[in-house]
Amino acid sequence: MNKTELLPHLFRTEYRKIVSVLYKHFGFEYPEIAEDIASETFLSAAETWGLKGLPDNPVGWLYAVARNRAKDHLRRNKIFNQKITPILQSAQEDYIDFEIDLSDKHIRDSQLQLMFAICQPVLPAEAQIGLALRILCGFGIDEIADAFLSNRATINKRLFRAKEKLREQKVKIEFPALAGIGARIQSVLTTLYLLFNEGYYSTSQDTTLRKDLCLEAMRLTYLLIENEATNLPEANALMALMCFHSSRFDARTDEQGEMIRYDDQDTNLWNEELIEKGKHYLNLASKGNQINKYHLEAAIAYWHTVKDDTAQKWEGILQLYNRLLQITYSPAAALNRTYALYKARGKQEAIIEAEKLKLTDNHLYHVLLGHLYTDVNKQIALSHLQTALKLTKTASEKNRIAKDIEQLG
Amino acid sequence: MNEFLLIFRQVETPGAEAPSPEQMQNTMKQWMDWLGGIAAQNKLVSNGNRLYGGTGSVVRPGEVVTNGPYVEIKELIGGYSIIRADSLEEATEISKGCPILRVGGNVEVRQIVPMNM
């Protein structure tokens, strides 16, 4: 890796570590400090390395600079003098000697603790995901804006408000008590799940960015699994789900970044290694006797990695959707259930059930009905596809539906 | 939208043969399909519960306790679910798909009075 590639690479891998440790140290009370120091560190690397060439140990260099800047800050800053000194008068010597701990273990712990701190139900889901991307994943504001199909100003405002909220609520960056982990981890899992979906289902044409979001979600989920106290069955189920979904990453978009429907995918492009990983985590998820939505979704995703298009496969998927919907409703699950019903039992039965859903504002509902009525009633099929075309906002979806109409003849 | 309690009654047939595993699985599937279909319309409020058939007691004034309601009524409540519907008519229509009807049982549909009236 040459000099010009190295710094962006290190930014991606090291910024989040430095910022997590600094956040852990400074807390949400002064959120700008951690991010400022981390950014300054990289700025100074860009300048210094540009002039003097690469240091022998670039990561060590970054950590040392971050540490020194943090210490300078502690020494000089007003906060230190006015607020911390009186409390720490007796321990002042120790404090000056304080080392910002950038050991692997402390980085991991800081990231996990931050994850729990950020995934607070008091914050709107988008704010949680935004903060996770910024602080835990080291994404730039522009990247976050792209991922949300939004702009810099909106994202900046959103992150600022979220940090304000965490400060007001005096959220501490620490592990929840062992007894409370089961409850607290639910918000963490939800955020990671949404983060993954943001990448997997995003309408952004930027496939690299979308893949990055998914990988980050998996990396953070892995942090939970690696840690004994948070290595719970539902975390493994979520990981399994992510592995199974990701296995189709290369098969589901064409060179232009357009989505290829499941039925039309080249199954040779499905990633066997990720499928195997998914099975491994699904096995680990089966410990305990609780079944939640991640288990069911992971099992559904597992069936989707089975290449043979049999009635048994779709009956399996149908029954899992039946259970999933009873736990939690979503329009997507309702549509997918109906699709599975069609594949398992035929169009007649599926049409009856589809007509009951009445998701008339949802373009995918009309796409589904269009498909079900194809070869049954061309007129009705056409009218649904035309409605779908009208309701669809993205160009790639419009293209696909237009193709469907064309094929109808 | 209003909520409706669906009470599933089945006819007690003493001495009937226990269902085979296949039959049980089949029955299970019918229930899952039916409840899944309601849930897919976002009209399932609660799965409710299924009740044990073998035992039960009925408590009456004057410390009269009988061994379940079976003496007077041949039917017993096998379970209940709660659904969401615009009207009694719609709730009734949904209930027509209940698998209990296929084994001679019936569904009683009752509108729930909201708590915060």
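**Exercise 1.** How much area do chain B and chain A bury between them, and what percentage of it lies on carbon and sulfur atoms?

*Solution.* The model is predicted, with local features needing pLDDT of at least 70 and side-chain atom pairs counting only at pLDDT 80 or more, while totals for chains, interfaces and linings use all residues. Residues are numbered from 1 along each chain as its sequence is written, chains are lettered from A in the order in which they are written, and side-chain values use heavy atoms, with hydrogens and water left out. Taking buried area as the accessible area (1.4 Å probe) that two parts lose on being put together, summed over both, chain B and chain A bury about 1100 Å², with 54% of it on carbon and sulfur atoms. Within chain B, the residues that lose the most area to chain A are B:Met32, B:Asp33 and B:Ala40, which together make up 43% of what that side buries.

**Exercise 2.** What percentage of the residues of chain A count as buried?

*Solution.* Where buried means under 20% relative accessible area (1.4 Å probe, protein chains only), 50% of the 409 residues of chain A qualify. The C-alpha trace of chain A spans about 80 × 50 × 40 Å along its principal axes.
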